[in-house]
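Good morning, and thank you for making time for this presentation.

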Amino acid sequence: DGGADLSAELDKFRDLALRTAADFDNYRKRAAREKEDAIRYANTSLLENLLPLFDNFELGLEAARSAPDAAAILQGLDMVRRQFQDFLASVGVEEIKTDNAEFDPNLMEAVGHEPDDKTPEGHVLRQTRRGYKLRDRLLRPASVFVSKGPAS
């Protein structure tokens, strides 16, 4: 029957057109999402390279705190540190909080484990390097020592 064949052929092309339209809509949404991500995270590489500079600056600031007659220098350095922190915050960078935190392997890197009577097992004892996120993405994990719990 020619009419049934034609109807089946028409249904096949209608289904193909609907699937193609749905695929194109999904592609358009995915492309928009990828473009938005590219814009949101465009500075990731720059920020990753700035973080070690900030680490060294803070080490210099700590050294200046212990130097005699460094009050004016210390005040200036502290002002620069605050400006840098404000800049990082303004572009969406936030420090990973580790104080009294439970160890999170998604945000932290354990550089050692030590017994500690005051800190519960699996919690951060101390941080050796700050970690940062750019919005919801990890820029650099925090380097931490993790408690093994009380010494036996």
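This is a predicted model: local features need pLDDT of at least 70, side-chain atom pairs count only at pLDDT 80 or more; totals for chains, interfaces and linings use all residues.

Phe-24, by contrast, has a relative accessible area of 52% and is classed as exposed, because the exposed class covers values over 50%.

In total, the structure contains 3 aromatic pairs. One of them is formed by Phe-24 and Tyr-27, with 6.4 Å from centre to centre and 35 degrees between the planes, a tilted arrangement.

Let me move on to helix α3. Phe-84 and Phe-87 also make a tilted aromatic pair, with their centres 6.3 Å apart and 50 degrees between the planes. Why are these two separated by about one helical turn? The reason is that they lie 3 residues apart in helix α3, residues 71-90. As for accessibility, Phe-87 is partly exposed, at a relative accessible area of 34%. Phe-84 and Phe-87 are also joined with Phe-54 in a cluster linked by ring pairs.

I turn now to the sheet. In which order do the strands of the open, 3-stranded sheet run? The order is β1-β4-β5, and the pairing is antiparallel. The edge strands, each pairing on one side only, are β1, residues 93-95, and β5, residues 137-140. On average, and ignoring direction, neighbouring strands in this sheet are turned by 35 degrees against each other. Between β1 and β4, the latter comprising residues 132-134, the antiparallel pairing extends over 3 bridges. Within β4, Tyr-132 is the residue that stands opposite Glu-95.

Finally, the largest pocket. The space within this pocket amounts to about 180 Å³. Its lining consists of 13 residues, and those nearest the centre are Thr-98, Asp-99, Asn-100, Val-124 and Leu-125. Which element supplies the largest share of this lining? Strand β3, residues 124-129, does so, contributing 4 residues. Sorted by class, the lining comprises 4 nonpolar, 5 polar and 4 charged residues.

That concludes the presentation; I welcome your questions.

Conventions
Residues are numbered from 1 along each chain as its sequence is written. Side-chain values use heavy atoms; hydrogens and water are left out. Two strands pair if DSSP finds at least two bridges between them. Axes are lines fitted to C-alpha atoms, for helices over the stretch in contact, and angles run from 0 to 180 degrees between N-to-C directions. On a 1 Å grid over the protein atoms alone, a cavity is a set of points where a 1.4 Å probe fits but cannot get out, and a pocket is an open set with protein on both sides within 12 Å along at least five of seven lines; lining residues have an atom within 4 Å of a point. Grid points are joined across faces, edges and corners, and a volume is the space filled by probe spheres set on the points. Ala, Val, Leu, Ile, Met, Phe, Trp, Tyr, Cys and Pro count as nonpolar, Asp, Glu, Lys and Arg as charged, and the others, Gly among them, as polar. Rings of Phe, Tyr and Trp (its six-membered ring) pair if their centres lie within 6.5 Å; planes under 30 degrees apart count as stacked, over 60 as edge-to-face and the rest as tilted. Buried means under 20% relative accessible area, exposed over 50%, partly exposed in between (1.4 Å probe, protein chains only).
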